[in-house]
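Q: Hi! I have a model open and would like to walk through it with you, if you have a few minutes.
A: Happy to, go ahead and show me.

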Amino acid sequence: MTLPRPSTPEGQAGLDALLADPSHALVAADFDGTLAPIVARPQDARPHPGALPALTALAAAVGTVAVITGRPAADAVALGGLGAVPGLVVIGHYGWQRWQDGELTATPAPPAVERARAALPGVLRAAQAPDGTWIEDKAHAVAVHTRATADPRAALDRLRGG
């Protein structure tokens, strides 16, 4: 098997270290945009056909294989079928959650997130957010989306006060 040639000395050093002691290597990949294509509706994301076999092969060859995602860890596991990969670690919500061997652990959300969650619907009403604006609750954060409005750019500008 021919390995790709890293384009930087640092990349070559990293590959050399991984090959010299794979049992201590960590190989991690993002879910959306790497293992699965970016899709219009996040709940429709599924891994590329070769992703799970590749992760399974890596899990047998290196110390730790991880998937990192902004999604809730359990959602990525369910959507991706990631529970089938032995020993896989899934870091969700940008590091706030960890899923491993079927167990999910999470750090509590900061109190400011709960205050923002409670205030945001009123803020959007006061700003006269256009139809199609929606709030995504990410447990440790909240996000406002405008992509389903008639003019997403104009809706975002309006909400920014621009």
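Q: Which residue in β2 is the bridge partner of Val 27?
A: That partner is Val 65. Before we go on, this is a predicted model, where local features need pLDDT of at least 70 and side-chain atom pairs count only at pLDDT 80 or more, while totals for chains, interfaces and linings use all residues. Residues are numbered from 1 along each chain as its sequence is written, and side-chain values use heavy atoms, with hydrogens and water left out.

Q: In what sense do β1 and β2 pair, and over how many bridges?
A: They run in the parallel sense, over five bridges; β2 covers residues 64-68. Two strands count as paired if DSSP finds at least two bridges between them. Strands (E, at least two residues) and helices (H or I, at least four) are DSSP runs, numbered from the N terminus.

Q: What is the strand order in the sheet?
A: The order is β1-β2-β3-β4-β5, in an open sheet with mixed pairing. At the edges sit β1 (26-30) and β5 (103-106), each pairing on one side only. On average, neighbouring strands of this sheet are turned by 20 degrees against each other, direction ignored.

Q: And which strands does α3 touch?
A: Helix α3 (residues 73-80) packs on the sheet and touches β3 (89-92), β4 (97-100) and β5. Contact here means heavy atoms within 4.5 Å. The direction of α3 makes about 130 degrees with that of β3. For such angles, axes are lines fitted to C-alpha atoms, for helices over the stretch in contact, and the angles run from 0 to 180 degrees between N-to-C directions.

Q: Which residues of α3 are buried?
A: Ala 73, Ala 76, Val 77, Leu 79 and Gly 80 are. Buried means under 20% relative accessible area, exposed means over 50%, and partly exposed is in between (1.4 Å probe, protein chains only). The cover over the buried residues of α3 includes α2, β3, β4 and β5.

Q: How many residues are in the largest nonpolar core?
A: It has 20 residues, and those with the most contacts inside it are Phe 31, Leu 35, Leu 55, Val 67, Leu 82, Leu 88 and Val 90. A nonpolar core is a set of buried Ala, Val, Leu, Ile, Met, Phe, Trp, Tyr and Cys residues joined through side-chain atoms within 4.5 Å. The elements giving two or more residues to this core are α2 (51-61), β2 and α3. The largest share, four residues, comes from α3. In soluble globular proteins, nonpolar side chains tend to be buried together.

Q: What does Leu 88 touch?
A: Not counting residues up to four places away in sequence, Leu 88 touches Val 65, Ala 66, Val 67, Leu 82, Trp 99, Gln 100 and Asp 101.

Q: Changing topic: how many salt bridges does the structure hold?
A: Four. A salt bridge is a side-chain nitrogen of Lys or Arg within 4 Å of a carboxyl oxygen of Asp or Glu. One of them joins Asp 32 and Arg 71, with the closest N and O atoms 2.8 Å apart. Asp 32 is in the loop between β1 and α2 and Arg 71 in the loop between β2 and α3, so this pair ties together parts that are 39 residues apart in sequence.

Q: Is Arg 71 buried or exposed?
A: Arg 71 counts as buried, because its relative accessibility is 12%. Asp 32 is partly exposed at 22%. Leaving aside neighbours within four places in sequence, the contacts of Arg 71 include Phe 31, Pro 42, Ala 76 and His 93.

Q: Where do Arg 117 and Asp 137 lie?
A: Arg 117 lies in helix α4 and Asp 137 in strand β6 (residues 134-137), so the pair ties together parts 20 residues apart in sequence. Arg 117 and Glu 114 are three residues apart in α4 (residues 111-126), which means they are separated by about one helical turn.

Q: How exposed is Glu 114?
A: Glu 114 is partly exposed, with a relative accessible area of 45%. Asp 137 is partly exposed too, at 44%, and Arg 117 is partly exposed at 23%.
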